[in-house]
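Hi everyone, thanks for making time. I'd like to walk you through one model today, so please have a look at the screen.

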Amino acid sequence: QGPYFGQFVWFARYHAEQLPSAQERYKKEILRVISVIDLHLSRTGQQYLVGDKCTYADLSFLPWGGLVSVMGIDISEGGEKNKTYQAWWDRLNERPTVKKVFAERA
């Protein structure tokens, strides 16, 4: 996830010239990654990426995934899309340790 999320941030915020085609490309890749997670969680019925326990696989998305809303990317695309992803994301962010870490970073 890092390369796509990071490239989007680079082209949206830091690149010397605005390149809408690059921003759109990486935005689409972010939405694709989110839809893959959503599909996996929907098909397996699992609470987390690797079964029903939170692992590093889940936690590795926290630093980048938080940028999605900050960068103005609408994961629902105006509908019911990615609801399973959103539930997973909310579950991760409700974990006490995750709350603590992000509170310390604020």
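Let me start with a question: what covers the buried residues of H1? Before I answer, please keep in mind that this is a predicted model.

The cover includes H2 and H4. As for what is being covered, the buried residues of H1 are Gly2, Phe5, Gly6, Phe8, Val9 and Phe11. A quick reminder on helices: with 3.6 residues a turn, residues three or four places apart point the same way.

Now let's take H1 together with H2. Their axes come within 9 Å and cross at roughly 150 degrees. An angle over 145 degrees counts as roughly antiparallel, and that is therefore how H1 and H2 run relative to each other. The crossing of H1 past H2 is left-handed.

Who meets whom here? On the H1 side we find Tyr4, Phe5, Gln7, Phe8, Phe11 and Ala12, and they meet Ala22, Gln23, Tyr26, Lys27, Glu29, Ile30, Arg32 and Val33 of H2. Sorted by type, the residues of this contact are 9 nonpolar, 2 polar and 3 charged.

Let's step back to the largest nonpolar core, which has 26 residues. The members touching the most other members are Ile30, Ile37, Val68, Tyr85, Trp88 and Leu92. At least two core residues come from each of H1 (2–14), H2 (20–44), H4 (62–70) and H5 (83–93). H2 gives the most, with 8 residues.

One last stop, at Ile37: setting aside neighbours within four places in sequence, Ile37 is in contact with Leu49, Phe61, Tyr85 and Trp88.

Thanks, and I'm happy to take questions!

Conventions:
Residues numbered from 1 in each chain as written. Predicted model: local features only at pLDDT ≥ 70, side-chain atom pairs only at ≥ 80, totals over all residues. Heavy atoms only, no water. Core = buried A, V, L, I, M, F, W, Y, C linked by side-chain atoms within 4.5 Å. Buried < 20%, exposed > 50% of the residue type's maximum accessible area, 1.4 Å probe, protein only. Helix = DSSP H or I, 4+ residues; strand = E, 2+ residues; numbered from the N terminus. Contact = heavy atoms within 4.5 Å. Axes fitted to C-alpha atoms, helices over the stretch in contact; angles between N-to-C directions. Parallel < 35°, antiparallel > 145°, perpendicular 65-115°, else oblique. Left-handed = near helix turned anticlockwise from the far one by under 90°. Nonpolar A, V, L, I, M, F, W, Y, C, P; charged D, E, K, R; others polar.
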